[in-house]
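Have the model open beside you and try each task before reading on.

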Amino acid sequence: MNAMQEELFLELRQTQIEIENSLKNKQKPDWLTSILNEELADIDAALQKIKKGNFGQCEISGEFLPDDLLKIIPTLKSIKDSDDLEIYYKKSLH
């Protein structure tokens, strides 16, 4: 695990704890519950990739995703996902 991955691991772990606490404190499920559960699943997947040593690889092509992009969105799964995100940003993500 390199320094960037270690930093992202700690950040993802902290976010995971915060989301788990939010879900635990909810009185009843609402519109946000499913979003939080999806985000939690993405975080779990990213943490497992870091542990297994394949963090940052595109799940489609196997190519490595840009570090700059992973720092912004550490749960990114593929290059296609980053291309899809560009429609929401005025500036290029790459």
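A residue is called buried under 20% relative accessible area, exposed over 50% and partly exposed in between, using a 1.4 Å probe and protein chains only. This is a predicted model, in which local features need pLDDT of at least 70 and side-chain atom pairs count only at pLDDT 80 or more, while totals for chains, interfaces and linings use all residues. Residues are numbered from 1 along each chain as its sequence is written, and side-chain values use heavy atoms, with hydrogens and water left out.

**Exercise 1. Salt bridges**

Solution. 

Step 1. Side chains of opposite charge can pair when their charged atoms come close.

Step 2. Take Glu59 and Lys49, whose closest N and O atoms are 2.4 Å apart. Glu59 sits in the loop between helix 2 and helix 3 and Lys49 in helix 2, so the pair, 10 residues apart, links distant parts of the chain; helices here are DSSP runs (H or I, at least four residues), numbered from the N terminus. Glu59 has a relative accessible area of 49% and is therefore partly exposed, whereas Lys49, with 15%, is buried.

Step 3. Move to Asp42 and Lys77, which form a salt bridge with the closest N and O atoms 3.1 Å apart. This pair also links distant parts of the chain: Asp42 is in helix 2 and Lys77 in the loop between helix 3 and helix 4, 35 residues apart. Asp42 is partly exposed because its relative accessibility is 23%, and Lys77 is partly exposed with 29%.

Step 4. Finish with Asp30 and Lys26, whose side chains meet in a salt bridge at 3.1 Å, N to O. Asp30 is partly exposed, with a relative accessible area of 36%, and Lys26 counts as partly exposed at 25%.

**Exercise 2. Helix 1**

Describe the span, the start and the buried residues of helix 1.

Solution. 

Step 1. Compare spans: helix 1 has 23 residues and reaches 33 Å from its first C-alpha to its last, close to the expected 33 Å. The expected span is 1.5 Å times one less than the number of residues.

Step 2. Look at the start of helix 1, where a side-chain oxygen of Asn2 comes to within 3.1 Å of the backbone nitrogen of Met4.

Step 3. List the buried residues of helix 1: Met4, Gln5, Leu8, Phe9, Leu12, Gln16, Ile19 and Leu23. They pack against helix 2 and helix 3, with contact meaning heavy atoms within 4.5 Å.

**Exercise 3. The core**

Which residues have the most contacts inside the largest nonpolar core?

Solution. 

Step 1. Define the set: a nonpolar core joins buried Ala, Val, Leu, Ile, Met, Phe, Trp, Tyr and Cys residues through side-chain atoms within 4.5 Å.

Step 2. The largest such core has 19 residues, and Leu12, Ile19, Phe55 and Leu76 have the most contacts inside it. Helix 1 (3-25), helix 2 (31-52) and helix 3 (67-72) are the elements that give two or more residues to this core.

Step 3. Leaving aside residues up to four places away in sequence, Leu76 touches Leu65, Leu69, Leu70, Asp81, Ser82 and Leu85.

Note on methods: A salt bridge is a side-chain nitrogen of Lys or Arg within 4 Å of a carboxyl oxygen of Asp or Glu. A polar contact is a pair of N or O atoms within 3.5 Å; within protein, one must be able to donate a hydrogen and the other to accept it, and residues adjacent in sequence count only if both atoms are side-chain atoms.
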